[in-house]
Amino acid sequence: MSPIVPPPCTSLTSALQNELNSFLWTIKRDPPSYFYGTIHVPYTRVWDYIPENSKKAFQESNIVYFELDLTDPYTISALTSCQLLPQGENLQNVLPRDIYRRLKRHLEYVKLMMPSWMTPDQRGKGLYADYLFNAIAGNWERKRPVWVMLMVNSLTEADIKTRGVPVLDLYLAQEAERMKKKTGAVEKVEEQCHPLNGLNFSQVIFALNQTLLQQESLRAGSLQVPYTTEDLIKHYNCGDLNSIIFNHDTSQVPNFNNATLPPSEQITAQEIDSYFRQELIYKRNERMGKRVKALLEEHPDKSFFFAFGAENNSQPKCKHCC
């Protein structure tokens, strides 16, 4: 079964759309190097809409760099261990009783619904609901609350329907490996992981509670998600860099700022938002920019292709090298 692809921008002809610069930036030097903004969705949903100039830049580059080395088994094991509570602890002992009960109830609901959420295409590939649930939520009682919050945020029908196909970043990493290109990463797992573990306990409990409230409202039919993965894919395929949807992307960290919250909770939400912006965008972009600059200076004769998340870095911040 061929993948469902959202319609292209209605205001653009397909020929014009193919000429869009989209999410590619050229670093002007000889040979040129490139920044490319990726998106964390199955590559089949966006590949046909990625302009030829971006694909050509990828093919012609000597070295491809990602945020993390997604093909290295150490990356996965390090991410897993970073998410776990200290030895001997589990969520039941850490969380307030009411939140733990609601979390358990919600995960039971997800497990029950998952077979109906899966697509015929997924079942045709031998993907089973129980296997998928365990792959995503297995061992949840041993995870730190902040990672459970992110897990709950992504355990939705729309997200489940996308599982089983490599996301764009991973697909590019696999293609680079197949083409025998040299690959690398500008970040260490700990640099992505530790900021999330740096929230204080009351902030984490607030975030988990808000995430559960949102999912419970969705289940009850009393809430509509303002921005969906489909919206994100459509704007990405249209090359719409400045869309408000990219600023509210929920693929990594939900946005807790909500005008309906009481004033004291609004302050907590703003503190969390400010912390994540500082740690996951500003500090991170500065650190990545310095490493990109060092790589370019170290290999002046090589063409680099840097593939970083467009939804987390709205544009490359490496002011020294562009």
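Is N139 buried, partly exposed or exposed? Select N139 to begin: the residue is partly exposed, at a relative accessible area of 48% (buried means under 20%, exposed over 50%, partly exposed in between, with a 1.4 Å probe and protein chains only).

The model is predicted, so local features need pLDDT of at least 70 and side-chain atom pairs count only at pLDDT 80 or more, while totals for chains, interfaces and linings use all residues. Residues are numbered from 1 along each chain as its sequence is written, and side-chain values use heavy atoms, leaving out hydrogens and water.

N139 sits in the loop between α7 and α8 (helices are DSSP runs of H or I, at least four residues, and strands runs of E, at least two, numbered from the N terminus). Its phi is near 65°, a positive value in a residue other than glycine.

Next, select R142, in the loop between α7 (129-137) and α8 (145-154). Leaving aside residues up to four places away in sequence, R142 touches Q83, L84, L85, P86, Q87 and E89 (contact means heavy atoms within 4.5 Å). A C-alpha separation of 9.1 Å is found between R142 and Q92, which are 50 residues apart along the chain.

Move on to K180, in the loop between α10 (168-178) and β4 (182-185). K180 also has a positive phi in a residue other than glycine, near 60°, and at 75% relative accessibility counts as exposed.

Finally, select D30 and P31. The peptide bond joining D30 to P31 is cis, with omega near 0°, and P31 belongs to the loop between β1 (24-27) and β2 (33-38).
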